[in-house]
Amino acid sequence: MTNFAASFSPSPLHADNEYPRPQLVRNSWRELDGSWGFAHDDGREGILAHWEASALPFDRSIRIPFPPESQASGIGDNGFHPVVWYRREVTEADVRLAGYDIQGDQMLLHFGAVDYRADVWLDGAYLGSHEGGHTPFSFDISVHVARATGSMTLVVRAEDDPKDLAQPRGKQDWELEPHGIWYKRTTGIWQPVWLEAVPKTRVSYLAWSADVPSGSVTLSLELNERPAEPVTVAVALHMDGVSLANVTFSQQDPRATFVIMLPHQTNGQAYEKLLWSPENPRLVTASITVAAPDERPDIVSSYFGIRSVGWSDGHFMLNDRPYYVRAVLEQGYWPDSHLAAPSPDALRAEVQLIKDLGFNAARIHEKVEDPRFLYWADKLGLMIWGESASAFEFSPTAIERSSREWIESIRRDVSHPSIVVWVPLNESWGVQHISHKPEQLAYARSLYHLTKALDPTRLVISNDGWEHADSDIWTVHDYGVTHDEVAANYTDRGVVAEMLNGTGPLGRTIRLLDEPDAGQPVIVSEFGGVSFVTDYEGLAWGYTTASSADEFASLVSELFAALQESPVLAGFCYTQLTDTLQETNGLTDANRVPKLPLEAIRGIVTGRGVDVAGHRRPKTPVEEPQGVAELLS
């Protein structure tokens, strides 16, 4: 392991840090990460043919939740292995430590993410399957736990065909060795596996949606089954120990929606004080109790933020105010653990690093990020662009797979206040001929409208970078290598309008629909990509290259200034946060060590000391957070 990975050993257990599902938290759970049996199955049937006879040849050990391609897993094999198998004994101690009580509890088995397709057995009984490499799934194993007389054998088969381009794969390479901008693969289990003891009648899903103008929040609550009799739902909302609401409802259907008024938000002169923003990431904590007659109640913890996003007159709007976006492209890739973070603490450190470098937003690139990363973005104050992992072919299979996983991703993450933008497509990946093929354009438009139907509260970019269909932001990718080359594209509204109605800096049409520009904000959502090698041995790659720290500082400063000087742009997103394998164009190296002094990068990112005369970006001053009791007094 690198020094970076080794420095993040797991910390003591607490919900803030390690709980795998931070917006629906229970106290009774047990992580199953650690050492599992492991085997490759390159013939795809070799183990399957024998495993019921208990002749599973699990002759290797893997450290979960790290993928077998990674060094952190203890396997470190980057070859083509389309099928892998896992085995773990679930002991009586595991069940007991999960808080299970045979008299009144049930037991769930959760998987955070398995790439790409999973089949699961427990003590020889087939539990089921799941398809989609970035989204969670669960099984009710209560019957098996109740009749077990000792340890239970958990077996997982994961299939991830490296050459199946209809799979949503993001930046995982289809070639044996990483090339260009593509990275080593992540196969199988790469997010936590865990047990959870739950009551018979329980919350299976919840989502929050705050409405700033009405001073209310809507809670969507789903139960695991239709209750035999109506259940009582009690909701208590607090912020920093101050009570905001206590309400009780009756629910008799599996799914219900409750509107909760927030009296503190009715004061028109003080409502902004409780709003979430990167400068003041205030969160409302929630306790929800579901009580069914003659059953142990289900008590869960959750949280949400009160904020709004939108666009108006060329501005990105946060809480009804223009807000200038300073974003960085975040690949979410670690040298020793690939798509999996080396530890929960590393996720917090990543969010804090992005903020310390001067950014107020991150564009998660070609990956659905770990929910614990989003928790820290919520808590520390970092806006997020949530993006799908792309498939690379256009076919009915690719459409079905991508749409299903995108729906599951939005459903999982819809309550995070940090997420302000959804990005279902990037640079026409998977719709390579969108400008010529009406069916590909129709698919892009359908994804935009599907996303708006699932979540009308956020902005949606139909196809980031170029060849936009319907879109709430016009985003442009510009890898010009000098200040003047980049700045010339954004000098005034006329120049930008000509680009929007024609071709962009990389020779691609920006907008495909023959409709007038409605005044959406324009953001350069990829630029920079300056390669400066500090700790990588091999063929390095970038859009332009610096040979020294001074040259790197000069090139990066000029490119940032070129966009900061624009009187038209609503923000930018720099490529990229960290070096990732051969893609050595990060502001830090792969171990998250900044290539320049942190304060120097922060000054470049925030435009401190840069002449921005005439720049129209709104001021977003950093306020000192105040206690809620003080704010409400």
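Which residues of helix H9 are buried?

1. In helix H9 (residues 493-500), the buried residues are Val496, Met499 and Leu500; buried means under 20% relative accessible area with a 1.4 Å probe, protein chains only. They lie on the same side of H9, because they cover an arc of only 100° around the axis, the arc being that of the directions from the helix axis to the C-beta atoms. Helices (H or I, at least four residues) and strands (E, at least two) are DSSP runs, numbered from the N terminus.

2. The model is predicted: local features need pLDDT of at least 70 and side-chain atom pairs pLDDT 80 or more, while totals for chains, interfaces and linings use all residues. Residues are numbered from 1 along each chain as its sequence is written, and side-chain values use heavy atoms, with hydrogens and water left out.

3. Strand E28 (474-478) and strand E29 (522-528) are the elements against which the buried residues of H9 pack. At the start of H9, a side-chain oxygen of aspartate 492 comes to within 3.0 Å of the backbone nitrogen of glycine 494.

4. Serine 390 sits in the loop between strand E25 (383-387) and helix H6 (396-413). Its relative accessibility is 5%, so serine 390 counts as buried. Leaving aside residues up to four places away in sequence, serine 390 touches Gln167, Pro168, Arg169, Gly170, Glu366 and Trp429 (contact: heavy atoms within 4.5 Å).

5. Four strands form an open sheet in the order E1-E12-E5-E9, with antiparallel pairing (at least two DSSP bridges between two strands). Strand E1 (29-31) and strand E9 (137-140) each have a single partner strand, so one side of each is left without a neighbour in the sheet. Within the sheet, 7 bridges join E5 (residues 105-111) to E12 (residues 193-199), and aspartate 105 stands opposite proline 199 in E12.

Note on methods: Buried means under 20% relative accessible area, exposed over 50%, partly exposed in between (1.4 Å probe, protein chains only). A polar contact is a pair of N or O atoms within 3.5 Å; within protein, one must be able to donate a hydrogen and the other to accept it, and residues adjacent in sequence count only if both atoms are side-chain atoms.
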